[in-house]
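Subject: Handover of a structure

Dear colleague,

Please find below the structure that I am passing on to you. My notes on what was found in it follow directly after.

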Amino acid sequence: MKIIKRISFLSLVMLSMYSCVDEKDLQLTDPNAFTTDNFTVNNQAELLAFSTASYGDLQIRGTYARHAFFIHDGMSDESNATGMEPDKQQMHDYTLDPANIGITRYWIACYQGIAKANGVLNNKQLITSAPDDDISQEDKDQAIGENYFTRALYYFMLTSRFGDVPLVLQPVNSLDGTPKSSQEDVYNRILMDLDEAIKLCGTKVELGNTNYGRATKGAANALKGKVLLYLKQYTEAVAAFEAVENDPSNYTIQGVNFADNFGEENEHNSESIFEVNFSSEFSENGDGSAWTTNGKGQAETTFRAIEYAGFGSLPVGTELTNAFEENDPRKDATIRTDGRWKKYTYPDVQIPNSGINVRVIRMADVMLMKAEALNEIDSEGNKTEILTLMNEVRARVGMPNYGSPALDPIFPVNSKADILKAIQHERRVELAGEQVRLNDILRWGIAKEMIETNRPTVMFVKDKHELLPIPSLEIDNNNSLSAADQNPGY
């Protein structure tokens with residue numbers, strides 16, 4: 001009885017204490033959660049701080065600092081490597097599973113970038129209501145438009161490699177998680193976001209060189225054209241590519257040396273449509289280095305130069321080396337004599353922290369994509385324009401024209417199928433090592449043939465390896481996903 005009385009008394013004391021406390025005092029606030037309660041945008045500095053965060057996740061290990069190269073170049077038929085770190089070797093050999101750390105980091109980085117873009121797009125009133133005396137309407141539109149662009153880019157990076165993915169557009173305020181959306185719905189959202197970016201973003205020339213690296217109207221049109229090409233909406237793709245051609249920023253490959261697209265000099269040149277900024281200035285003495293975790297922030301450097309050239313982690317495959325025609329200067333600009341990559345590297349191959357920007361989309365890519373779309377629409381009727389586009393790319397490096405006696409015996413252009421093979425060749429040698437080859441051979445439906453032919457030790461399983469596995473970390477922690485949501489074969 002004494003025990004019961006004591007428990008009862010204690011309960012009464014606790015109840016009386018609770019009754020004296022204001023319920024508001026018991027509400028806990030997550031200090032890490034974004035809140036607009038005490039946040040305002042009053043000047044240019046605050047606008048930039050609020051609106052540009054979503055770019056940061058393009059610079060980290062999961063994306064263009066490291067893993068994006070191995071996921072795209074390493075899983076194509078461009079390279080042939082052994083002895084890499086296990087997660088990268090598994091990707092390269094198509095023996096990966098849902099626990100692969102590189103795949104997981106890529107997934108996380110993309111969704112981190114999406115969350116930051118959503119933070120802006122769901123709180124646009126902070127920008128639209130900002131005072132006009134320091135922030136012009138053009139600045140407000142640009143800030144909003146570029147977050148539509150980055151969200152579209154991240155979702156393109158996800159859905160083109162994973163297929164159906166969770167389409168997160170609002171803050172996640174519950175433990176329920178987000179189910180997968182169909183790839184069709186994801187692509188529809190990407191196109192909607194890009195249309196908003198096209199409407200709101202300024203052109204490259206309007207933004208000026210102090211804003212290089214920010215999304216532009218040209219970048220949004222170029223990405224839109226690429227997405228539409230993937231969706232086989234060829235007429236619409238051509239319209240988007242023509243918008244790039246007609247952009248007042250005058251994107252062109254004329255006067256741009258091919259090799260100048262892959263070094264620290266000549267970044268954001270007239271061929272560059274969108275690139276991810278890096279800077280080796282942040283890596284002195286290891287401070288700001290992507291190789292360290294010293295609490296001083298994520299580096300604005302990439303591992304690519306040291307891994308592709310210094311370590312030779314992903315050497316160029318023999319088949320790619322042999323794909324270049326005799327005397328094509330792009331071969332020497334792409335591949336070192338020892339078989340390592342030359343693009344995006346320094347003459348001194350041992351530089352550990354690269355500041356070379358990654359060109360995500362450049363004009364030569366757009367020209368060849370437009371040629372491909374025109375070939376699909378009406379090969380014979382568009383032949384003159386198709387060959388003009390392809391030959392302009394070749395003229396830049398002094399190679400003979402398609403449709404000429406010099407090239408006809410190797411790459412004739414007498415039919416739609418002939419022209420497609422010529423485009424496939426031109427894209428392979430022009431864009432090698434630029435994270436486009438894998439998606440190209442996947443959408444052409446020749447991935448299994450190319451990978452197994454050019455890398456005989458690899459088995460590409462049809463209806464499985466076209467997609468990456470959804471990371472097990474996501475399935476374990478997203479209450480709206482289960483093992484049944486995993487991509488086929490994993």
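The lining of the largest cavity draws at least two residues from each of helix 3 (67-72), helix 7, helix 10 and strand 4. Helix 7 provides the largest share of that lining, with 4 residues. Please note that the model is a predicted one. The volume of the largest cavity is about 220 Å³. It is lined by 17 residues, and Y64, F156, K226, V360 and Q435 are the closest to its centre. By class, the lining of the largest cavity consists of 11 nonpolar, 4 polar and 2 charged residues.

In total, 2 cavities of 30 Å³ or more were found. The second largest cavity holds about 90 Å³ of space. Its lining includes K204, L207, N211 and Y212, together with H268 and the run S272, I273, F274 and E275. Helix 9 (204-207) and strand 3 are the elements that give two or more residues to this lining. Strand 3 contributes the most, with 4 residues. The lining of the second largest cavity divides into 4 nonpolar, 5 polar and 3 charged residues.

Of the 19 residues in its lining, Y230, N439, L442, R443 and W444 lie nearest the centre of the pocket. Two or more lining residues come from each of helix 7 (137-162), helix 8 (183-200), helix 10 (217-230), helix 15 (363-378) and helix 18 (437-443). The lining of the second largest pocket comprises 9 nonpolar, 4 polar and 6 charged residues.

Finally, a word on the cysteines. The search of the whole structure finds 0 disulfides. C110 is buried, with a relative accessible area of 0%. C201 is also buried, at 2%.

With kind regards

Note on methods. Residues are numbered from 1 along each chain as its sequence is written. This is a predicted model: local features need pLDDT of at least 70, side-chain atom pairs count only at pLDDT 80 or more; totals for chains, interfaces and linings use all residues. Side-chain values use heavy atoms; hydrogens and water are left out. A disulfide is a pair of cysteine sulfur atoms within 2.5 Å. Buried means under 20% relative accessible area, exposed over 50%, partly exposed in between (1.4 Å probe, protein chains only). On a 1 Å grid over the protein atoms alone, a cavity is a set of points where a 1.4 Å probe fits but cannot get out, and a pocket is an open set with protein on both sides within 12 Å along at least five of seven lines; lining residues have an atom within 4 Å of a point. Ala, Val, Leu, Ile, Met, Phe, Trp, Tyr, Cys and Pro count as nonpolar, Asp, Glu, Lys and Arg as charged, and the others, Gly among them, as polar. Grid points are joined across faces, edges and corners, and a volume is the space filled by probe spheres set on the points.
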